[in-house]
Amino acid sequence: MSPASSARSEKNIILTGFMGTGKSTVGQLVAAELDREFVDMDTLIEAREGRPIPRIFAEEGEPYFRQLEAALCAELAARQGLVIATGGGALVPEKNLRVLDRTGLVICLDCAPEVLWQRIGCSENRPMLAEADDGRFRRLAALLEQRAPAYARIAYHLDVTRLSPQQVARRVVERVRGWE
Ligand code: S3P
């Protein structure tokens, strides 16, 4: 490997996108394929806090969780060669996107709301959907719409609506190899 390509392969691969798009599953597959370390931001936050995300939201409130996310983005930006799966809201603040974007390739996974609904409509551990028991689908669709401008800031997108995690992972790996 030339020094230039080896330096480039140190860049992070960051998977983001709405809840239920498969970031964590795909991230694990990509990390295994590229023999890289995988970091799931939500799992790391839960481990450090010693409590699951719904409890963090319930006991401390959303702003506290968002602070943890922002700090973790900055921390991970100091590292190289990682495959990172963010939480669905982690790169909504432009500052967090900018800090990680500098360190590698950010890919946003997109998915049709109906398919997201099939995947996460009944999920108990998604506090962002928990507030609207009477209209969870509407809440999901509204949140997706609200976040659209933030996701649109991301340069690379992959529509995962009709793809299995394995197919998505293959496309991510192809993109990473094409980019290196
Ligand atoms: C959130 C998404 C969740 C988790 C938290 C908040 C969001 O991660 O970080 O519940 O704001 O979209 P997943 O996208 O992995 O579900």
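Is Phe65 buried or exposed? Phe65 counts as buried, at 3% relative accessibility. Keep in mind that this is a predicted model.

1. **Phe57 and Phe65.** The whole structure holds 2 aromatic pairs. One of them joins Phe57 and Phe65. Their ring centres are 5.0 Å apart. The planes make an angle of 40 degrees, and the pair is classed as tilted. Phe57 is buried too, with a relative accessible area of 13%.

2. **Trp117 and Phe137.** These two residues also form an aromatic pair. The arrangement is edge-to-face, with 80 degrees between the planes. Centre to centre, the rings are 5.5 Å apart. The pair links distant parts of the chain. Trp117 sits in helix α7 (residues 113-120), and Phe137 in helix α9 (residues 136-152). Trp117 is partly exposed, at 30% relative accessible area. Phe137 is partly exposed as well, at 31%.

3. **The nonpolar core.** The largest nonpolar core has 50 residues. Which of them touch the most other members? They are Phe18 and Val172. Look at Val172 and set aside its neighbours within four places in sequence. Val172 is then in contact with Ile13, Leu15, Val26, Val30, Ile107 and Leu158.

4. **Asn12.** Asn12 lies in strand β1 (residues 12-17). Asn12 is buried, with a relative accessible area of 0%. What does its side chain reach? It reaches the backbone nitrogen of Leu82, at 2.8 Å. Beyond its neighbours within four places in sequence, Asn12 is in contact with several residues, among them Arg36, Leu76, Arg79 and Gln80. The list also includes Gly81, Leu82 and Ile84. Thr103, Gly104 and Leu105 are on it too.

5. **The cysteines.** How many disulfides does a search of the whole structure find? The count is 0. Cys73 is in no disulfide. The nearest cysteine sulfur to it belongs to Cys108, 14 Å away. Cys73 is buried, with a relative accessible area of 0%. Cys108 is in no disulfide either. For Cys108, the nearest cysteine sulfur is that of Cys111, at 11 Å. Cys108 is buried, and its relative accessible area is 0%.

Methods: Residues are numbered from 1 along each chain as its sequence is written. This is a predicted model: local features need pLDDT of at least 70, side-chain atom pairs count only at pLDDT 80 or more; totals for chains, interfaces and linings use all residues. Side-chain values use heavy atoms; hydrogens and water are left out. A nonpolar core is a set of buried Ala, Val, Leu, Ile, Met, Phe, Trp, Tyr and Cys residues joined through side-chain atoms within 4.5 Å. Buried means under 20% relative accessible area, exposed over 50%, partly exposed in between (1.4 Å probe, protein chains only). Contact means heavy atoms within 4.5 Å. A disulfide is a pair of cysteine sulfur atoms within 2.5 Å. Helices (H or I, at least four residues) and strands (E, at least two) are DSSP runs, numbered from the N terminus. A polar contact is a pair of N or O atoms within 3.5 Å; within protein, one must be able to donate a hydrogen and the other to accept it, and residues adjacent in sequence count only if both atoms are side-chain atoms. Rings of Phe, Tyr and Trp (its six-membered ring) pair if their centres lie within 6.5 Å; planes under 30 degrees apart count as stacked, over 60 as edge-to-face and the rest as tilted.
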